[in-house]
Amino acid sequence: SVKAPITHGDNTEFIWITITAIEGERFYGTLGNDPCNLGSLKFGSKVSAPIADLNDWCYVDAGDNLAGAFTVEAVKQAARRK
């Protein structure tokens, strides 16, 4: 999965996307969770974005270990500081 900004109207959310294809400088996929305020988009909706807009990535390896997901760790650390 990758995390990238998806915009609908005036609202932009950085959201996890399961990649289904890469063509040229764009990737295509489906939303990995329900957005907060992106109109009719919901979990599983098809989206695309420029590869250059990616801001995180993750995958589960053969040993069932999560790799990447750097923004998840940053949010956890920020929450601990409050």
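Guide: We can begin with T7, whose bridge partner in β2 is T12. This is a predicted model, in which local features need pLDDT of at least 70 and side-chain atom pairs count only at pLDDT 80 or more, while totals for chains, interfaces and linings use all residues. Residues are numbered from 1 along each chain as its sequence is written, and side-chain values use heavy atoms, with hydrogens and water left out.

Visitor: What makes β1 and β2 a pair of strands?

Guide: Strands here are DSSP runs of E with at least two residues, and helices are runs of H or I with at least four, numbered from the N terminus. Strand β1 covers residues 2-8 and is joined to β2 by seven bridges, the two running antiparallel; a pair needs at least two bridges found by DSSP, so these strands pair. Two residues lie between the strands of this hairpin, where G9 takes a positive phi near 65°.

Visitor: How do you know that β1 and β5 pair as well?

Guide: Two bridges link β1 and β5 in the antiparallel sense, and because at least two are required, the pairing counts. In this pairing, K3 stands opposite D56 in β5.

Visitor: Why are β4 and β6 called edge strands?

Guide: The six strands form an open sheet in the order β4-β3-β2-β1-β5-β6, with antiparallel pairing. The strands β4 (46-50) and β6 (66-68) each pair on one side only, and they are the edge strands. From one strand to the next the twist averages 45°, an angle between lines fitted to C-alpha atoms and taken from 0 to 180 degrees between N-to-C directions.

Visitor: What makes E73 and R80 a salt bridge?

Guide: The closest N and O atoms of E73 and R80 are 4.0 Å apart, and since the rule asks for a side-chain nitrogen of Lys or Arg within 4 Å of a carboxyl oxygen of Asp or Glu, the contact qualifies. By this rule the count comes to one salt bridge. E73, at 33%, is partly exposed, while R80, at 58%, is exposed.

Visitor: How many aromatic pairs does the structure hold, and why is the pair of W57 and Y59 given its name?

Guide: The structure holds two aromatic pairs. W57 and Y59 lie 5.9 Å centre to centre, with 15° between the planes; rings of Phe, Tyr and Trp (its six-membered ring) pair if their centres lie within 6.5 Å, and planes under 30 degrees apart count as stacked, over 60 as edge-to-face and the rest as tilted, so this pair is stacked. W57 and F70 have ring centres 5.4 Å apart and planes at 80°, so their pair is edge-to-face. Because W57 lies in strand β5 (residues 56-60) and F70 in helix α1 (residues 70-80), that pair ties together parts 13 residues apart in sequence.

Visitor: What do W57, Y59 and F70 form when taken together?

Guide: They form one aromatic cluster.

Definitions and conventions. Buried means under 20% relative accessible area, exposed over 50%, partly exposed in between (1.4 Å probe, protein chains only).
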